[in-house]
Amino acid sequence: MKYFIQPVSQLFAAAFIAIAAVGTPALAAASARDIDALAGASYLYIATVRKDGNQSTAARVWFIATPDGKMLIDTNSDSWKAKRIARGSPVIVWIGSASGPAFIGKAEIVGDPAVHDQMIEAIPKKYWLARMGLFGPKRAKFDSGQIITIRISPERDLPEGFQSQPGMPAPALSEKAVRQPNP
C-alpha cells in the first residue's frame, strides 16, 4: 500500500501542476508544496483573524480539495469561524497537521446547492465516520441553515515551521504588507 500511495500523490501533484501550466488562474496561488501536501492530507487546521487582528485557535476540519486548487469545508453556521469569514476574515491554514505546511488565504461562504451536493457526496467517500453516517454534511442541515460550506483560496505560503499562535498578530494576506520599507 505504501508503494501505491506515493505514486498516486505524485500523479495528483503532477496533474495540478500541469493544469496550472496551461494557465488556470485559480492555481497560480497554490504552490507545488501545498498541492503535494493536500494529496496526502486528511485534515486542515484553520484559524481565522479576530477583529483585533490576532489569530484565533486553529480548528481541525475535514475538507475536499477541488480541481482548481481550492479547498471546501463545512462548519456550523453559528461558529466563530463562520462569523469571522462572513465579515471577511482571512484564514490561516495548516495542511495535514498543526505543524504542516501553512498558507494564508481568502475564504468565502458558498450558498450554491450544487457545491453542497458535492460535499454531501465527497465527504463520505473520504472519511469513514461520515460513510458510517455518524457525521458529515446532510441536505437537511444545509436547508435549515445549520451548516454552511466555505471555499478557501490560497493567497501565499507561510514559512516552513509557521505555528499557530492564538492571540498573536496574524500574518498579512499580501507579502507587500509584511515587508518593512527601507530607511
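What pattern does the protein follow when it is read along the sequence? I took helices (H or I, at least four residues) and strands (E, at least two) as DSSP runs numbered from the N terminus, and along the sequence I read α-α-β-β-β-β-α-β-β-α-α-α-β-α. My count of the secondary structure comes to 7 helices and 7 strands.

Ground rules. I am working from a predicted model, in which local features need pLDDT of at least 70 and side-chain atom pairs count only at pLDDT 80 or more, while totals for chains, interfaces and linings use all residues. I number residues from 1 along each chain as its sequence is written, and side-chain values use heavy atoms, with hydrogens and water left out.

Sheet. I traced an open sheet of 7 strands in the order S2-S1-S5-S6-S7-S4-S3, with antiparallel pairing, where two strands pair if DSSP finds at least two bridges between them. The edge strands are S2 and S3 (64-65), each of which pairs on one side only. I then looked at S6 and S7 (residues 147-157), which run antiparallel and are joined by 8 bridges; phenylalanine 103 has aspartate 157 in S7 as its bridge partner.

Proline 101. I found this residue in the loop between S5 (91-95) and S6 (102-110). Leaving aside residues up to four places away in sequence, proline 101 touches Arg33, Asp34, Ala37, Val93, Trp94 and Ile95, a contact being heavy atoms within 4.5 Å. I also noted that proline 101 and leucine 38 lie 63 residues apart in sequence and 9.5 Å apart in space, C-alpha to C-alpha.

Whole chain. Of the contacts with a separation of 6 or more, I noted that 66% are between residues 24 or more positions apart. Of the 183 residues, 39% are buried, that is, under 20% relative accessible area with a 1.4 Å probe, protein chains only.

Largest pocket. I looked up which residues line the largest pocket and found 16, of which Trp62, Asp74, Thr75, Phe135 and Gly136 lie nearest its centre. A pocket here is an open set of points on a 1 Å grid over the protein atoms alone, where a 1.4 Å probe fits, with protein on both sides within 12 Å along at least five of seven lines, and lining residues have an atom within 4 Å of a point. The elements giving two or more residues to this lining are S2 (59-61), S4 (71-76) and H4 (113-126), and S4 gives the most, with 3 residues.

Conventions
Buried means under 20% relative accessible area, exposed over 50%, partly exposed in between (1.4 Å probe, protein chains only).
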